[in-house]
Amino acid sequence: MPTKVPAGFLWGTATASYQIEGATRADGRGPSIWDVFSHTPGKVQAGETGDIACDHYHRWEEDLDHLARLGAGAYRFSIAWPRVQPTGAGPVNRAGLDFYDRLVDGLAARGIKAVATLYHWDLPQALQDKGGWPARDTAHRFADYAAVVAEALGDRVSTYTTLNEPWCSAFLGYASGVHAPGLTSPLAALRAAHHLNLGHGLAVQAVRAAVPRAALSVTLNLHVIRPASDKQEDHDAARQVRAVGNEIFCGPMLSGAYPEDLRADLGPITDFGFVRDGDLDQIRQPLDWLGINYYSSSQVRRRPPGQTAAATSTAGSGGHGGGNPWVGAESVEFLDPNPPLTAMGWNIDPPALTELLVDTARRYPGLDLAVTENGSAFPDTLEPDGRVHDSKRIAYLEQHVQAVAEAIRQGAPVKGYFAWSLMDNFEWAWGYSRRFGLIHVDYSDGLKRRWKDSAHRFQRLATTGV
Ligand code: FCB
C-alpha cells in the first residue's frame with residue numbers, strides 16, 4: 001500500500017453491546033427496546049434476536065485474546081444501559097456493571113485502550129414506555145447513567161463516547177421505524193434528535209465531573225451526499241439532506257446552534273418549541289475528538305413535481321432498511337447506488353471518506369478525528385479447511401485505510417481507525433444474515449470464532465502500518 005499512516009496511529013476494532021453480548025436476561029439486565037423490537041414478529045429478518053448473539057457476555061476473555069492477537073491498540077465497545085440500570089433510572093445493578101469492570105480490566109491487562117460508547121441503541125424499555133428519546137426526561141436519565149458508569153470505570157476507560165450515530169436512533173427509530181422502537185412520527189424523530197443532543201451535552205459534563213482526566217467524544221455517521229447534477233435544485237436537495245442528516249447534530253454539538261436552513265426546511269413540521277432556553281449551551285461542550293462512522297456515499301436529486309416517493313428506489317432508506325427517514329426532505333430522490341455494492345446494497349466509495357475527513361477537519365479546526373467504524377458485509381464462505389477467503393473485504397479495508405492516509409496527508413488530524421467489526425454479529429433489522437466481522441462466527445457450530453483472511457490483513461496493518 002502506497003501511503004502509510006503516521007507512527008502512533010491507533011488501530012482498533014468496534015462492536016456494540018446488543019449486537020454481540022447475548023445473555024439478555026443474565027445478572028439482572030432489564031429489557032431494552034431492541035429486545036422488545038426483535039421479539040416483535042416482522043421487525044427483524046427471519047425473526048432473529050440478540051438473545052444469544054455471539055455470547056460475548058460469557059466469552060469476553062477469548063474475544064479479548066483475539067483482539068490482542070490482532071494487534072489492536074484500542075477496542076471500541078458499548079455499554080448496555082439496561083445492564084447498569086435495568087429500568088433506566090434509579091438503583092444501579094452492580095452485577096451488570098461488574099461485567100464492564102471485568103472487561104476494562106481485561107483490556108488493560110492486554111495493553112489495549114478502552115473506548116466505551118455509552119449508548120449504542122439499547123435504550124431501557126422502561127424509558128421507552130415513558131416516551132423514549134422524544135421525551136425530554138430521557139436526556140436527564142442518560143446523564144445520570146453516564147455519571148454512574150464514569151464513577152465505576154473511571155480512567156480505566158481512555159475515551160467515553162456519549163452516543164453512537166444519533167441520526168439512526170432518532171430517524172430510523174422514530175421516523176422510518178426500521179429500528180427500535182419502530183415508530184413512524186416525523187415530529188417524534190425531531191424531538192428525539194434534540195433530546196439526544198441534549199443527552200450528549202449533559203453526559204459530557206457528567207463524565208468530566210466524575211473523571212476529569214477522561215477524553216470525551218461522540219460518534220456521528222456523517223452522510224456524504226453528492227448532487228446528481230450541477231443543477232441548482234439538485235444542489236439544494238443535497239444541502240437539505242445534509243441539514244437533516246448531519247447538521248442537526250454537528251450544529252448544536254460543535255457550533256452551538258441549529259442551522260437556519262434546517263429550521264426553515266423543517267418549519268412546516270415544527271417550530272423547534274422543544275428547544276428550551278439554555279439547551280444549546282448545555283449541548284455544545286468541548287470534545288477531545290470526533291468519531292466518524294463511514295460506509296458509503298449517496299447521490300440525490302430533486303424529485304420532479306408530482307412524482308411520489310413510492311415510484312422511486314429504496315436507496316434513500318438510510319442504509320439499514322426500508323422506509324423514508326428523511327424528515328422534511330421527502331421531495332429528495334436518492335439515486336440507485338453505482339456498483340460494486342456490498343451485501344448491504346451500499347456502494348464502495350473510498351474517496352468520499354477522504355473528502356469527508358478533510359472537509360470535517362476544515363470546518364472544525366483544532367478537533368481531532370477518528371474513523372470509529374468502517375467495514376463491509378459480503379457473503380462469506382467457510383471453506384472445509386476452516387478458512388474464509390474474504391478478498392473483497394480485504395480490498396475494502398485496504399482502500400479505506402488508504403483513503404484515511406490520504407486525508408492525513410491533506411492535513412486532516414485523523415488519529416485512529418476502528419474496523420467494523422471484530423466479529424460477525426447481530427446486524428439489527430438484518431439479523432445474522434449480514435456478516436461484517438474480521439472474525440467469522442459459526443452460528444451453527446457453537447459460535448466458534450475463526451479468523452477470516454481479512455483478520456490476518458488487519459493484523460499486518462495494526463502491527464506494521466502497511
Ligand atoms: C452502523 C452501526 C453498527 C453496524 C454498522 C454496519 O450504522 O453503528 O452498529 O450496524 O452500521
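**View 1. The largest nonpolar core.** Among the 141 residues of the largest nonpolar core, Trp-34, Phe-77, Tyr-160, Phe-171 and Leu-357 touch the most other members. Such a core is a set of buried Ala, Val, Leu, Ile, Met, Phe, Trp, Tyr and Cys residues joined through side-chain atoms within 4.5 Å, where buried means under 20% relative accessible area (1.4 Å probe, protein chains only). Helix α9 (residues 186-210) gives this core its largest share, 11 residues; helices are DSSP runs of H or I, at least four residues, numbered from the N terminus. This is a predicted model, in which local features need pLDDT of at least 70 and side-chain atom pairs count only at pLDDT 80 or more, while totals for chains, interfaces and linings use all residues. Residues are numbered from 1 along each chain as its sequence is written, and side-chain values use heavy atoms, leaving out hydrogens and water.

**View 2. Helix α8 against helix α10.** The axes of α8 (residues 166-174) and α10 (residues 232-255) come within 10 Å and cross at roughly 130°.

**View 3. Helix α3 beside helix α5.** The axes of α3 (residues 56-70) and α5 (residues 94-109) come within 10 Å and cross at roughly 10°. That makes α3 roughly parallel to α5. From α3, the contact includes Trp-60 and Leu-64; from α5, Phe-99 and Arg-102 are among the partners.

How values were computed: Buried < 20%, exposed > 50% of the residue type's maximum accessible area, 1.4 Å probe, protein only. Helix = DSSP H or I, 4+ residues; strand = E, 2+ residues; numbered from the N terminus. Axes fitted to C-alpha atoms, helices over the stretch in contact; angles between N-to-C directions. Parallel < 35°, antiparallel > 145°, perpendicular 65-115°, else oblique. Contact = heavy atoms within 4.5 Å.
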